[in-house]
Amino acid sequence: MDKIDKQILHLLQKDGKITIKEIAERLHLTTTPIFDRVKKLEKEGLITSYKAILDRKKVGLQLMVFCNVTLNLHQTDFLKKFEKDIQQFPEVIECYHVAGMFDYLIKIYTEDMEQYQQFLSNKLASLENISKVQSSFVMTEVKGFSYIPIP
């Protein structure tokens with residue numbers, strides 16, 4: 001990956017709808033090599049997908065929660081089952097297996113506190129092998145996901 005590839009990736013992360021022509025103009029190149037480079041970056045897996053990023057609040061998801069989960073048992077089968085089960089919940093936006101005081105860090109969006117309480121009581125608590133759950137409620141989103149810095 002050279003300097004031009006990095007510039008292309010930066011531009012695409014800032015605006016996934018940018019055209020090949022616009023990228024070529026910004027990088028002072030023609031469209032053919034830009035098109036070829038983008039296709040190569042996709043084929044190599046550096047670009048994994050294109051998607052629209054929605055404003056969660058405008059679609060009614062006012063509450064963002066980070067939930068730390070500790071499991072009772074840590075054998076591979078129990079970890080895999082938890083990871084499979086947690087994916088069935090649409091409220092779970094992200095889930096990470098982490099090292100430290102907890103086993104998993106989960107990012108959850110709900111409409112409000114009542115809906116989160118229902119999620120916690122009826123869905124998360126229904127999963128086997130959970131020992132402890134600690135919730136942190138986001139008061140202000142200072143910096144959300146924007147793009148991955150490319151070294």
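## The start of helix α1

A polar contact is a pair of N or O atoms within 3.5 Å. This predicted model has a pair of this kind at the start of α1, where a side-chain oxygen of Asp2 comes to within 3.2 Å of the backbone nitrogen of Ile4.

The length of α1 can be checked against its residue count. Its twelve residues should span 16 Å at 1.5 Å a residue, and the end C-alpha atoms are 17 Å apart, which agrees. The buried residues of α1 are Asp5, Ile8, Leu9, Leu11 and Leu12. They line one face of the helix, because they fall within an arc of 165 degrees when seen down the axis of α1. Lys3 and Lys14 are exposed, on the face of α1 turned away from the buried side. The buried residues of α1 pack against α2 and α3.

## Helix α3

Helix α3 covers residues 31-43, and these 13 residues should span 18 Å at 1.5 Å a residue; the end C-alpha atoms are 18 Å apart, in agreement with that value. Ile34, Val38 and Leu41 are the buried residues of this helix. Seen down the axis of α3, the buried residues fall within an arc of 65 degrees, so they line one face. An α-helix has 3.6 residues a turn, so residues three or four places apart point the same way.

Thr32 and Lys43 are exposed on the other side of α3. The cover over the buried residues of α3 includes α1 (3-14) and α2 (20-27). After α3 comes Gly45, which has a positive phi, near 85 degrees.

## How α1 and α3 meet

Two packed helices are described by the angle between their axes and the distance between the axes. For α1 and α3 the angle is about 80 degrees, and the axes are 10 Å apart. Angles of 65 to 115 degrees count as roughly perpendicular, so α1 and α3 are roughly perpendicular to each other. On the α1 side, the contact is made by Ile4, Asp5, Ile8, Leu9 and Leu12. On the α3 side, Ile34, Arg37, Val38, Lys40 and Leu41 take part.

Asp5, Ile8, Leu9 and Leu12 of α1 are buried and belong to the contact with α3. Ile34, Val38 and Leu41 of α3 are likewise buried and belong to the contact with α1.

Tyr104 lies in strand β3. Because its relative accessibility is 1%, Tyr104 counts as buried; the cut-off for buried is under 20%. The side chain of Tyr104 makes a polar contact of 2.7 Å with the side chain of Glu83. Leaving aside residues up to four places away in sequence, Tyr104 touches Cys67, Asn68, Val69, Leu71, Leu79, Phe82, Glu83, Cys95, Tyr96, His97 and Val98. Between Tyr104 and Lys21 there are 43 Å in space, C-alpha to C-alpha, and the two are 83 residues apart in sequence.

Thr110 also lies in β3, which covers residues 104-110. Thr110 is buried, with a relative accessible area of 0%. A polar atom of the Thr110 side chain lies 3.1 Å from the backbone oxygen of Asp112. Again leaving aside residues up to four places away in sequence, Thr110 touches Gly60, Leu61, Gln62, Leu63, Glu91, Gln115 and Tyr116.

Conventions:
Residues are numbered from 1 along each chain as its sequence is written. This is a predicted model: local features need pLDDT of at least 70, side-chain atom pairs count only at pLDDT 80 or more; totals for chains, interfaces and linings use all residues. Side-chain values use heavy atoms; hydrogens and water are left out. Helices (H or I, at least four residues) and strands (E, at least two) are DSSP runs, numbered from the N terminus. Buried means under 20% relative accessible area, exposed over 50%, partly exposed in between (1.4 Å probe, protein chains only). A polar contact is a pair of N or O atoms within 3.5 Å; within protein, one must be able to donate a hydrogen and the other to accept it, and residues adjacent in sequence count only if both atoms are side-chain atoms. Contact means heavy atoms within 4.5 Å. The expected span of a helix is 1.5 Å times one less than its number of residues. The arc is that of the directions from the helix axis to the C-beta atoms. Axes are lines fitted to C-alpha atoms, for helices over the stretch in contact, and angles run from 0 to 180 degrees between N-to-C directions. Angles under 35 degrees count as roughly parallel, over 145 as roughly antiparallel, 65 to 115 as roughly perpendicular and the rest as oblique.
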